[in-house]
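Please keep the sequence and the structure in view while reading.

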Amino acid sequence: DRRRGSVPVTPALLAAVVGVLGVVGTITIDHGLEDALDHPERAGVTWDTTVIPLEQDYTDEGLVADLTDEVASAPEVVDTAVVDRVVVDVDGTGVPAFAVRPPDGSGGTSITLAVTEGRAPSAPGEAVLGPHTAEQLDAGIGDTVRLGDEARPAVVVGKALFPSDVHSEFDEGLWLTQPDLLASVGAGSFENALGRAVAVDLRPGTDAEAATARLGELLGDRVSEGTTAEVPPELAYLRNVRTLPIVLAAFLAVLAVAALSHVLLTSARRRRRDFAVLRALGLTRRGGRVVLNAQGTAIGVVGLLVGVPLGIAAGRTGWDWVADSVPLQAVSPFAAVAVLLLIPAALVVANAVALWPGRRVARLRPAQVLRSE
């Protein structure tokens with residue numbers, strides 16, 4: 001009877017694909033989480049500490065050179081930049097605006113803000129908005145916003161993340177070139193409104209709090225305040241939910257193993273007569289086990305061939321959604337080593353699952369089975 005000996009393999013194939021897809025997708029998302037937690041710059045924390053000088057060290061365009069030189073000369077300091085912050089009226093809404101530039105007399109700086117979409121402002125009349133600010137203003141890349149009392153036009157060329165403080169979140173802000181920033185502030189309120197600081201990038205592995213304290217001692221009464229960079233709480237939330245995708249992947253993997261076990265056991269039971277005939281024709285006990293192992297391996301290979309690329313695509317899509325929701329500077333994750341290790345691991349599991357059905361086939365007594373049939 002053909003129907004009696006048939007075994008539904010499709011559910012096992014689907015379960016294998018879904019299991020591999022879930023595990024690979026979870027590995028990919030977890031790699032994105034690990035990258036974001038290891039790199040706070042993805043959330044806008046692009047420098048380690050901030051030194052706020054007294055207003056007596058302000059110049060028209062930056063800070064006095066000997067102050068920035070003294071900060072840059074500290075042993076732990078790798079790079080510095082001058083950061084201006086002031087609230088600017090943008091289409092009737094007060095928005096914290098930033099300008100980042102090299103210290104006076106320097107050739108450049110690697111310190112910048114974290115761009116999540118588009119590019120940084122590089123010419124007068126260009127602006128970059130924080131994701132939440134862009135949503136508030138209903139403005140996207142290519143739109144024009146009006147700055148200050150004079151309603152100076154600026155074209156939005158990107159979106160970025162900003163240093164967070166008690167007044168604004170890390171996804172709120174406006175990034176301008178320094179000439180545009182200074183031109184957007186009314187002359188009467190400029191001196192009281194402008195905040196100017198030195199952003200400091202420290203050597204990897206440096207204790208930021210200890211280095212900030214040493215910078216304060218070095219600069220003495222020329223410093224109003226020194227603070228370490230504040231990491232947005234959204235990163236801590238990501239750390240707290242990191243176990244959820246792992247639990248989901250484990251469930252899908254167990255589901256795939258259970259489906260494969262069911263198919264192989266069903267094959268061993270429903271095809272007892274076929275195996276008995278093959279044994280009578282000379283198939284050895286080991287050969288019977290090989291048949292079940294080959295079936296398990298074939299299902300595992302199909303699951304890998306289909307599930308791995310789909311899992312990578314699903315994981316990247318999921319991580320892009322997470323990065324856009326937080327928001328974060330999205331970097332497409334790919335855990336190559338983990339995915340490569342998954343391939344032999346899946347095949348080993350498939351063959352391990354086939355051991356018990358293989359033993360049942362090997363223990364068949366062909367004469368008894370054929371007599372009963």
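By class, how many nonpolar, polar and charged residues does the lining of the largest pocket have? The model discussed here is predicted. In this model, the lining of the largest pocket has 10 nonpolar, 9 polar and 5 charged residues.

**The largest pocket**

- The space in the largest pocket amounts to about 670 Å³.
- A total of 24 residues line the largest pocket, and those nearest its centre are Thr 50, Ile 52, Arg 85, Pro 163 and Asp 165.
- Two or more lining residues come from each of strand 1 (49-53), strand 2 (77-90), strand 9 (195-202) and strand 10 (223-228).
- Strand 10 contributes the most to this lining, with 4 residues.

**The packing of helix 2 and helix 9**

- Two packed helices are described by the angle between their axes and by the distance between the axes.
- Helix 2 (residues 10-38) packs with helix 9 (residues 243-270) at an angle of about 160 degrees, and their axes are 8 Å apart.
- Angles over 145 degrees count as roughly antiparallel, and helix 2 and helix 9 are therefore roughly antiparallel to each other.
- The crossing of helix 2 with helix 9 is left-handed.
- On the side of helix 2, the contact includes Pro 11, Ala 15, Gly 19, Gly 22, Thr 26 and Asp 30.
- On the side of helix 9, the residues in contact include Pro 245, Ala 249, Leu 252, Ala 256 and Val 263.
- The residues of this contact between helix 2 and helix 9 comprise 16 nonpolar, 3 polar and 1 charged.

Definitions and conventions
Residues numbered from 1 in each chain as written. Predicted model: local features only at pLDDT ≥ 70, side-chain atom pairs only at ≥ 80, totals over all residues. Heavy atoms only, no water. Axes fitted to C-alpha atoms, helices over the stretch in contact; angles between N-to-C directions. Parallel < 35°, antiparallel > 145°, perpendicular 65-115°, else oblique. Left-handed = near helix turned anticlockwise from the far one by under 90°. Contact = heavy atoms within 4.5 Å. Nonpolar A, V, L, I, M, F, W, Y, C, P; charged D, E, K, R; others polar. 1 Å grid on protein atoms, 1.4 Å probe; cavity = no way out; pocket = protein on both sides within 12 Å on 5 of 7 lines; lining within 4 Å. Points joined across faces, edges and corners; volume = space filled by probe spheres on them.
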